[in-house]
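Colleague: Walk me through this one, please. I want to learn how to read its features.

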Amino acid sequence: MSYEDLQQHDVFLPESLWGKTDLSASVGRTPLLGLALAGLTACGLMVLGAGGWLTWLACGFFLAALVFFTRVSTAGVERQNEELAERIRTSG
Amino acid sequence: MSGQQESLSRDLSLFDITMIGVGAMIGAGIFVLTGEAAGRAGPALVLAFALNGIVTLLTAMVYAELGSAIPEAGGGYLWIKEGLPGSNAFLAGWMSWFAHAVAGALYALGFGAFLFETLRLLDIPLLAWGIDLVLAKKLFGVAIALLFAVINFRGASETGKAGNIVTVAKIVVIGVFCLFGIKFMFAPDAIFRVGEAAGGMGISQLSPFIPEETGWMGILAAMGITFIAFEGYEIIVQAGEEVKDPRRNIPKAIFRSLVIVIPIYMVVAFVLIGGAESGLLLRALASIGMEVPEGLTAASPNWKVLAHVGELGLAQAAGQFVPLGTLLILAGGMLSTMSALNATTFSSTRVAFAMGRDRNLPEAFARIHPRNRTPYVALAGTAVLIAGMVAFVPITTVAAAADIMFLLLFFQVNVAAITIRKKYGDKLAYGYLMPFFPVLPLVAMTGMGVIAVMMFFHYQTAWFYALAWIAAGLVVYRLYARGREREKTAPPVVAEERPFEVRPNAVLIPVAEPRAALQHIELGARIARLRESQLVLLHVVPIPRQLPPRSAQHLVEAARPLLDRGREHAAGLGVPASTLIRVGHDVAGAVVRTAEDRHTDFLIMGWKGRERRRGFLIGRHIDRVLKGANTHIIVMQRGAFKKGERVLVPIANPRTAPLALAVGALIAGEEGGGSIQVIHMTPQETDPDYRTRFEADLTGFLRQEGWDPGSLFGDRTRFGLEFRTTDNVVTEIIRLSADYDRLVLGTSQGGVLQRKIYGRIPTRIARYARCPVVLVRMKESGVLFGLQHFFQFFRELESSGQPESAGEV
């Protein structure tokens, strides 16, 4: 697929915005990192629990972290899209 | 691509697209693979699914970014095509075709097993007829694969609401299994105790969590074999062109589908291993005509038995704690495998069709049936592939081969995500940006790399299938697709005239400025005469990107006299010349493509002698031609040939000297009576033996490259060889150049050395030398050139951060 093909698919921002947009993620990096670490810790606890109650508590902890991870990520999607719409609107 | 674009209507809502992902992920993998995976990891299957979820989430974030930025049909294949060089796009399509087809084969085999067990439960005496489970899987599997090929050929496919209903039905079946299973484990009563099952074992069967027999290797093997179950986000982005508000909905659907699917897998694993009783599983194993392995008893851990029950494990476990549970899971399994087989037949065919349309596969693959409007050749090829795998390959190997293919595909997508960000920067409208770029895709690649390597130890045969398919793909690419791809991407030839007899090994001369062109033609004619070849005169008409090639007709007409004059000049020198005009946005690309298309042996270009822009070694176009064209290249600084020309040729290594020596001799002999002085500079004094050997090597390599010293130097050209001792080669060359009419500088080394030679010496000499300079670069071996080309792609991204295709011509 060439540059022209991509252009025809309308995937580019208006040229007036090129070079002015921050490419850092709009998703919260700190909470995301915290939740990722929580998920990994939960995996470690599953092993430490050796199949006992700790394993299954950790399992629940992992799933909770997964749910929050998804919430933070989808909130990031919303924020990114709002910012994008705002930038396009203000660029005229 | 044509000016007119066809696109699909955007009808799919966030719910629809989430269900597509969920449907793909809890499709057949959960029904078919959990038994096998339980046998690998034991109770730690729960952990294997959790870790797979983490690895999957990393790549899913990459998919979310790319899917939100480039939401077009094609998904991973499209991004790899955009983000990676050379054969990667072809291989991505080739692997994607195979991966989806192999996944289809897995579902067909799963369906065969479920149908066999259903018929057996309905008292149809298959075993008495000699049809055991293994044979039934293959028979029914091939039949269902062909049936869905016919259904796809007729143009019917599971879409929209019907697909959502099937997915919800699957979730309900799994939900019933999990609820009844948990109740059975912790508080069994009359309802939750089916037949002889006792229940009430709590979590006792889930300990030890990581059995000694399986260990961490078992967990990794289970992750590998079930990785295919999490590839639903690939299906989500495949449908990207049909999604409403894709920048928002595609990334959301990817995250939501995973948050639904990962817990389901973990809970199913928990219930399966926590609830199933070994004794009853062993009895089920015997009833389906399978041998009970020695050493397995009712006291054995159930995951060991599940490994042998395989794809029927979930159904047999359900039979222990859900009323009519076996039939329920079998029905759910058949529904799942059928819808998954339909989807993979469709997606696999779509990839083969796209490759045919891109001319990466024979164009027959892009044929559409006149009545049904379906790509019947691509479909037939896919059906043969699926049916062949079903008939001849065991189910576990099939699953592992599909996993390996998806791992490799996702690996490429992660690399493409990095290059696309570097290439397009903030020009793309991202609906989601992955955090921790580029660490995140690198970590994802590491995770997948570990799984892929571990799979080699557990599923070697599958790896061999995968490698054989990749090797076959490389052969197809080399022999077929590469040439067709070039034809497609080359700027169009709008005018061409050939001599009566077309000779091989021609000399390509891009013609732009008349005076320089005539000089290049003179040198080219001398080479062509010695090689009994001809000239190819090329003129590229550069046009801005906004204009289509046909709009440049007046420029094409204006270029004709220039080429006619060149051809007449060549004829006057006794050499035939063909002429062609190309119109394109990319001058250097047109030169490279012509050198490839016409299989030219030499390329002669002009050089103004100064580095005009920062970041370019010689010049924007010449740099790109040097990197892109694998042919003998001669770059000439302006300066008319004169009688008795004195040519200086500094040589470092006799192996790389022939072209410089030949060009020097041809220039010195052009007007007759000239001289060529070869200088070999060393930091230390050389002995007579070294000099004799050096001289013999020079002649030897010259002959090896097809140059006859007798014809090259003739009687009238004086030849001298001098050995000098110096600490500073560059300064010495510059100093000596004052005594000569031309300096020929050669190298065939790539990479750092080439950069040094072309980047340092020519620019300094262009500034300080008192005579015109000629740079020559010898043709590289195909493999070496290919490798350089591959790494060059990433170096360019690193240095420029801008797409070449986006630049102005």
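**Strand, contact and confidence**

Modeller: Start with strand E2 (residues 507-510) of chain B: Val507(B) and Ile509(B) point one way, Leu508(B) and Pro510(B) the other, and all are buried. Buried means 20 or more other C-beta atoms within 10 Å of the residue's own; 12 or fewer is exposed, in between is partly exposed, and C-beta atoms are placed from the backbone. Helices (H or I, at least four residues) and strands (E, at least two) are DSSP runs, numbered from the N terminus. This is a predicted model: local features need pLDDT of at least 70, side-chain atom pairs count only at pLDDT 80 or more, and totals for chains, interfaces and linings use all residues. Residues are numbered from 1 along each chain as its sequence is written, while chains are lettered from A and ligands numbered from 1 in the order in which they are written.

Colleague: How should I read the two directions in E2(B)?

Modeller: In a regular strand the side chains alternate between the two faces of the sheet. Here, Val507(B) and Ile509(B) take one side, and Leu508(B) and Pro510(B) the other.

Colleague: Which strands pair with E2(B)?

Modeller: Pairing requires at least two DSSP bridges between two strands. E2(B) runs parallel to strand E3 (residues 535-542) of chain B, with four bridges. Strand E5 (residues 602-607) of chain B also pairs with E2(B) in the parallel sense, over two bridges. Follow Leu508(B): its bridge partner in E3(B) is Val536(B), and in E5(B) it stands opposite Leu603(B).

Colleague: Is Ala354(B) buried or exposed?

Modeller: Ala354(B) counts as buried because it has 23 C-beta neighbours inside 10 Å. Ala354(B) lies in helix H14 (residues 325-357) of chain B. Across chain B, 54% of the 809 residues count as buried.

Colleague: Where is confidence lowest in chain A?

Modeller: Where pLDDT is low, the predicted coordinates should not be read in detail. pLDDT is the predictor's confidence in each residue, from 0 to 100. In chain A the lowest mean is 63, in H1(A), and the highest is 95, in H2(A). The mean over chain A is 86, and 88% of its residues reach 70 or more.
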